[in-house]
Amino acid sequence: MSRDNLQFKSNTAKSILDGAHLFKHTHNVVWEYVSNELDSCVEIKRKPIIHVSFEKDKLTISGNGAGMDKDGLQNFFTMHGENRARKKGIRVRGKNGTGKSAAFAIANSFFLSTSKNKKNYSIKLTKKELKKYQEKGDNIPLKDYIINYGEKTKENDGTKVEISEIFSKSNKKDTIDYIEKHLGSYGKGAEVWVDNHLC
């Protein structure tokens with residue numbers, strides 16, 4: 001190998017799966033996606049309304065934030081990516097760009113659907129697929145996992161995350177307590193519902 005071809009490289013799938021270990025419990029995972037949506041609402045000065053739904057082996061977090069377009073989606077799927085709101089001088093929580101890996105701490109399947117300006121983007125990834133790329137050490141081309149890419153929609157702006165095939169015990173009470181403990185930093189007015197409970 002010539003000196004010109006020497007590169008600082010990263011195993012993307014390993015980074016995602018290792019990053020998941022930062023989120024040990026259901027409440028940490030849920031808060032990650034709730035706070036993403038809260039930050040998104042802060043950025044566009046919109047009252048946050050976020051719903052968390054607990055089902056048998058699935059968690060859904062959806063909110064009315066700004067949603068993502070193609071560029072926003074690429075930034076989301078960049079490990080350790082720069083927080084765009086912080087770059088604009090807006091005070092938000094996200095720092096390290098590892099949150100997209102949170103779902104894999106407790107589940108095998110991650111689905112993201114985001115709408116912005118009447119266009120929808122949705123992608124589904126599984127831990128099984130990530131492990132294939134972990135062995136190769138390559139970047140992960142997402143084209144095989146895209147369900148919608150800029151298709152017209154009547155949905156309002158916002159993002160929904162579904163975490164399914166959960167293998168970790170989910171605790172709704174701990175999740176509610178954790179959200180209520182951390183929600184105060186976003187000021188009054190934010191609505192975060194966990195099933196029928198308003199935090």
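These are my notebook entries on a predicted protein model.

**Ground rules**

I count residues from 1 along each chain as its sequence is written, and side-chain values use heavy atoms, with hydrogens and water left out. Because the model is predicted, local features need pLDDT of at least 70 and side-chain atom pairs count only at pLDDT 80 or more, while totals for chains, interfaces and linings use all residues.

**Entry 1: overall layout**

I looked up the secondary structure and found six helices and eight strands. Helices (H or I, at least four residues) and strands (E, at least two) are DSSP runs, numbered from the N terminus. I read the order from the N terminus as α-α-β-β-α-α-β-β-α-β-β-α-β-β.

Next I checked burial. Of the 199 residues, 45% are buried. Buried means under 20% relative accessible area, exposed over 50%, and partly exposed in between (1.4 Å probe, protein chains only). The protein exposes about 11,800 Å². Carbon and sulfur atoms supply 48% of that area. Accessible areas come from the Shrake-Rupley method with a 1.4 Å probe; for residues, only the protein chains shown count as cover.

**Entry 2: the sheet**

In what order do the eight strands lie in the sheet? I noted 5-4-3-6-2-1-7-8, in an open sheet with mixed pairing. Two strands pair if DSSP finds at least two bridges between them. Strand 5 (146-152) and strand 8 (197-198) stand at the edges. Each has a single partner strand, so one side of each is left without a neighbour in the sheet.

I then followed one pairing. Strand 3 and strand 4 (residues 119-126) run antiparallel, joined by eight bridges. Phe111 has Lys124 in strand 4 as its bridge partner.

**Entry 3: Ile163**

I picked Ile163, in strand 6 (residues 158-166). Is Ile163 buried or exposed? Its relative accessible area is 0%, so Ile163 counts as buried. Contact means heavy atoms within 4.5 Å. The C-alpha atoms of Ile163 and Ser109 are 5.9 Å apart, though 54 residues separate them along the chain.

I also looked at contacts across the protein. Among those with a separation of 6 or more, 69% join residues 24 or more positions apart.

**Entry 4: aromatic rings**

My search of the whole structure gave five aromatic pairs. Rings of Phe, Tyr and Trp (its six-membered ring) pair if their centres lie within 6.5 Å; planes under 30 degrees apart count as stacked, over 60 as edge-to-face and the rest as tilted. Tyr33 and Phe110 have ring centres 6.0 Å apart and planes at 35 degrees, so I logged the pair as tilted. Tyr33 sits in helix 2 (residues 26-44) and Phe110 in strand 3 (residues 107-116), 77 residues apart. Both Tyr33 and Phe110 are buried.

Phe76 and Phe110 have centres 6.5 Å apart and planes at 10 degrees, so this pair is stacked. Phe76 lies in helix 3 (residues 70-76), 34 residues from Phe110 in strand 3. Phe76 is buried too. Tyr33, Phe76, Phe77, Phe104 and Phe110 form one aromatic cluster.

**Entry 5: a charge and the cysteines**

I found Lys136 over the face of Tyr133, 5.0 Å from the ring centre. A charge sits over a ring if NZ of Lys or CZ of Arg is within 6 Å of the ring centre and within 35 degrees of the ring normal.

How many disulfides are there? My search found zero. A disulfide is a pair of cysteine sulfur atoms within 2.5 Å. Cys41 is buried at 1% relative accessibility, and Cys199 is buried at 18%.
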